[in-house]
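Here is a short briefing on salt bridges and their surroundings. Please look over the sequence and structure first.

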Amino acid sequence: SAERAPSIRSMKALLEIERIGFTDIVKKPTKSASELRSVDFKRGANDLLSKLDQYRPRIIWFQGMTVARYFFKYARQGAEFDIQWGRLHEQAGEPFYFVSPNPSSANAAFTKSDLVGYFNELATLKGKL
């Protein structure tokens, strides 16, 4: 069965009700991230920063390590962040950042159980806010 991306309506509800910004960086259809260039990520990171200023989510949720790395590389201009799965080290006055594996079939290294564990960790973080 074909995977479906989250609907705009569900992402909007996640932001408005739960204050979680679920996002990618580059809004460009590709078969894989290898088709994207640094300029795509740099432009996308800057666009995302503007949206974060506008919507002010409490948690920013990235699905995939690559997207999180590029965001911090370009949006934070070399700021040292320990990029890992789960909750990232946060700075005072900033939202929490959370990274979970992408559930894409191309990322088969993670089981459903692994993914559920990360989603539960995110829910626990949300519950503490």
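Asp40 and Arg43 sit three residues apart in helix 2 (residues 38–55), so about one helical turn separates them. Helices are DSSP runs of H or I with at least four residues, numbered from the N terminus. This is a predicted model: local features need pLDDT of at least 70, side-chain atom pairs count only at pLDDT 80 or more, and totals for chains, interfaces and linings use all residues. Residues are numbered from 1 along each chain as its sequence is written, and side-chain values use heavy atoms, with hydrogens and water left out.

**Salt bridge count**
- A salt bridge here is a side-chain nitrogen of Lys or Arg within 4 Å of a carboxyl oxygen of Asp or Glu.
- The count under this rule is three salt bridges.

**Helix 2**
- Asp40 and Arg43 form a side-chain salt bridge, at 3.9 Å from N to O.
- Asp40 is buried, at 9% relative accessibility.
- Buried means under 20% relative accessible area, exposed means over 50%, and partly exposed lies in between (1.4 Å probe, protein chains only).

**Helix 1**
- Lys12 and Glu16 pair through their side chains, with N to O at 3.9 Å.
- They are four residues apart in helix 1 (residues 8–18), so about one helical turn lies between them.
- Glu16 is exposed, with a relative accessible area of 51%.

**Helix 1 to helix 4**
- Glu18 and Lys126 form a salt bridge at 3.7 Å, N to O.
- This pair links distant parts of the chain: Glu18 lies in helix 1 and Lys126 in helix 4 (residues 112–128), 108 residues apart.
- Glu18 is partly exposed at 31% relative accessibility.
- Lys126 is also partly exposed, with a relative accessible area of 23%.

Key: Helices (H or I, at least four residues) and strands (E, at least two) are DSSP runs, numbered from the N terminus.
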